[in-house]
Number of protein chains: 12
Amino acid sequence: MSDHRTYKKLELVGSSTTSIEDAIHSAIAECSKSVKNVEWFEVVDTRGHIVDGKVAHFQVTLKVGFRIEGS
Amino acid sequence: MSDHRTYKKLELVGSSTTSIEDAIHSAIAECSKSVKNVEWFEVVDTRGHIVDGKVAHFQVTLKVGFRIEGS
Amino acid sequence: MSDHRTYKKLELVGSSTTSIEDAIHSAIAECSKSVKNVEWFEVVDTRGHIVDGKVAHFQVTLKVGFRIEGS
Amino acid sequence: MSDHRTYKKLELVGSSTTSIEDAIHSAIAECSKSVKNVEWFEVVDTRGHIVDGKVAHFQVTLKVGFRIEGS
Amino acid sequence: MSDHRTYKKLELVGSSTTSIEDAIHSAIAECSKSVKNVEWFEVVDTRGHIVDGKVAHFQVTLKVGFRIEGS
Amino acid sequence: MSDHRTYKKLELVGSSTTSIEDAIHSAIAECSKSVKNVEWFEVVDTRGHIVDGKVAHFQVTLKVGFRIEGS
Amino acid sequence: MSDHRTYKKLELVGSSTTSIEDAIHSAIAECSKSVKNVEWFEVVDTRGHIVDGKVAHFQVTLKVGFRIEGS
Amino acid sequence: MSDHRTYKKLELVGSSTTSIEDAIHSAIAECSKSVKNVEWFEVVDTRGHIVDGKVAHFQVTLKVGFRIEGS
Amino acid sequence: MSDHRTYKKLELVGSSTTSIEDAIHSAIAECSKSVKNVEWFEVVDTRGHIVDGKVAHFQVTLKVGFRIEGS
Amino acid sequence: MSDHRTYKKLELVGSSTTSIEDAIHSAIAECSKSVKNVEWFEVVDTRGHIVDGKVAHFQVTLKVGFRIEGS
Amino acid sequence: MSDHRTYKKLELVGSSTTSIEDAIHSAIAECSKSVKNVEWFEVVDTRGHIVDGKVAHFQVTLKVGFRIEGS
Amino acid sequence: MSDHRTYKKLELVGSSTTSIEDAIHSAIAECSKSVKNVEWFEVVDTRGHIVDGKVAHFQVTLKVGFRIEGS
């Protein structure tokens, strides 16, 4: 019933060699393979690996929220 | 074995047009449809939507904990 | 593709009558029954139950991270 | 332009002799007298005054968000 | 002397089967049995127990402040 | 007087379909229409909306600081 | 109506070459030029500029609260 | 009455030359000399003294909770 | 026994019309009337009341720690 | 010995006129001039300067971690 | 190059028998003996030792930031 | 001069295959090779690597404090 929508949040870590936005896009694309109706994300943490004095991967921890079907 | 009970926590967002408690009740009722043995909840965040200068929905983010069966 | 590895994090509570480390080991062992490729953990919170003036259980809340297969 | 909506947030404290929800309603009603298009609120803090061993006022600090007109 | 009033804060957990406000009222009533001049409270945490898929108790952790007599 | 400069901070949410930086630029441009002498910003929170499994908007909450004229 | 007083909070940064208290006094004096009925302040952050190995300015971020007239 | 149990929390620092768990056990044992019905603890902080390049004492700050008798 | 010293922490609010340090001194002096062996304090929060556009009282919340006698 | 690797973390602020990622790259490049074996970074804070209503510099505070040689 | 200034932050604890400001001045003076171009400080924590019911030392933890030469 | 002791804090990550305490001991031993007069530590974070469903390393982030010589 619409007065009682319930959402679930998952915590993911996306990675990218190029940018923070690309790491976010990537995590959401991966998540959308198995979860429908993802509606929003929240960035929790940004970090990364360094190799030879250069950023090798940006790693972005994010929470994604989706409506539980039927709620 | 009872010395090593393990619990899992899920993060949910319940909503209600009437009250914070009703949003909590609603999220737990929805969760209990698919998860057994939910034992406790923790409120993480309280917010809501406003329409025409009035609260349209209270939205309560909560974590719920349940024992992993067989643990 | 290796440039876009995605990880998922789960929140667990392990318990032990003996030590904080044992509660961590126990939660990870339980988790590994159903999840493959768990790569790291982060301690979120340490607490416990007291019975007759003594620690009955250490309870350690932790997040575990694992790579989503195929990502 | 719709791709660049900008919102402003205000921090308010609502009070009520009866409930947390009433303190929220009251702050939003007061705010809506001077601000248009308030869209959401976030509870920051809940506290209150005590008189003669009883709660005299619930005081709820909240942030409210509204779209800047023309953005 | 009035320029140097000193207050003490205690941390309590109130519980109620019905509402968050009732858990707050209950903790303050219990506290007022032994402490005089309680002037304010601050909500620290809201959680609860779940039994059979329903909220059995709301548990509200709060700090209460009272003036030390003679200060 | 220069020994007592006073600054005010405002909390804004900028949005962009393309990047975090663009959402920041956008909020600051909007703010500068009505406020003079904005000197710095601080990112408070990064989140966004997801539509059809893709990021529809990045939403960046930021505080901006400006000197109160005449202070 | 007295049961529903509403307060607004502003975030300011006061500065002083001499002390933390002076930076607080200064911000409140500046604020009181344009806002009536300021009732309380909360220190959020204390920092400062250093020139030639000495503190040139203390900078204190504070929130001030005032009752919205007519509420 | 059982619907309105009230708990009080105390903040303690336990110390031990050997382990974190021993510092926790020690604080709870000391507390149990004067307080009945201690039911749980929460670790707040872990630190320690170092002498001659070695840990001399682990110091664990914890909160302990006990039911107020008669509540 | 010296390997197991236990400390207790109390939360106080000191006030002063003149300075933050004076509010701290005042709370510690008041506390020392009833508690022996107070060894350290930690500032938790600094705020104050404003009357007629001026600071009327600085209010400093602090925790004080003392060794439990006999531990 | 490999069972006891020890890492040290440094706190840096990188700046860039163009992007958050560029500020991160820049800080790590500067750090790598004097420190070997930097392995990871964590973003602590993102802020910036504004000149003439535009972002003049993004400033990113980050921690970088490197293995202490010989550990 | 001026577009890529990099700063380093150090964490210090200054102490003083007289005031919080004096503890800050003292830490910065000590730091300036070995580090050039210190530009700002941020207070992290304020605490102190108590002897005979009086503040013996104020201890202020602060971070100081300085530009890395050549950056 | 003794009224103005200054301390510096470093952030380290110690690791151990066996326990949290061992990771702390190890980081402090490594640090003491190059820094004299380390007086205390504070645990910031506890995490670890998992291999084949078992904890391979506990990793403890800690800050250590030492007095600056001559201060």
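# Worked exercises on strands and an interface

V13(C) stands opposite T61(C) in β3(C). Let's build out from that pair. This is a predicted model, in which local features need pLDDT of at least 70, side-chain atom pairs count only at pLDDT 80 or more, and totals for chains, interfaces and linings use all residues. Residues are numbered from 1 along each chain as its sequence is written, chains are lettered from A and ligands numbered from 1 in the order in which they are written, and side-chain values use heavy atoms, with hydrogens and water left out.

**Exercise 1.** Find the strands that pair with β3(C), and explain why β3(C) is largely enclosed.

*Solution.*
- Step 1: Strands (E, at least two residues) are DSSP runs, numbered from the N terminus. Two of them pair if DSSP finds at least two bridges between them.
- Step 2: Strand β1 (residues 6-16) of chain C runs antiparallel to β3(C), and ten bridges join them.
- Step 3: β2(C) (residues 38-51) is also antiparallel to β3(C), with twelve bridges. Here F41(C) stands opposite V64(C).
- Step 4: β2(C) and β3(C) make a hairpin with two residues between them, and D52(C) in the turn has a positive phi of about 55°.
- Step 5: Buried means under 20% relative accessible area (1.4 Å probe, protein chains only). Ten of the 14 residues of β3(C) (residues 54-67) are buried, so the strand is largely enclosed by the rest of the structure.

**Exercise 2.** Decide whether T61(J) is buried or exposed, and list what T61(J) touches.

*Solution.*
- Step 1: T61(J) lies in strand β3 (residues 54-67) of chain J.
- Step 2: Its relative accessibility is 6%, so T61(J) counts as buried.
- Step 3: Contact means heavy atoms within 4.5 Å. Not counting residues up to four places away in sequence, T61(J) touches residues including L12(J), V13(J), V43(J), V44(J) and K9(K).

**Exercise 3.** Describe how chain A meets chain B.

*Solution.*
- Step 1: In chain A, 13 residues are in contact with 14 residues of chain B.
- Step 2: The buried area, meaning the accessible area (1.4 Å probe) that two parts lose on being put together, summed over both, is about 1100 Å², and carbon and sulfur atoms give 46% of it.
- Step 3: A salt bridge puts a side-chain nitrogen of Lys or Arg within 4 Å of a carboxyl oxygen of Asp or Glu. The rule finds two across this interface, including K9(A) with E11(B) (3.4 Å, N to O).
- Step 4: β1(A) and strand β1 (residues 6-16) of chain B run antiparallel, joined by four bridges. Y7(A) has V13(B) as its bridge partner.

Key. Buried < 20%, exposed > 50% of the residue type's maximum accessible area, 1.4 Å probe, protein only.
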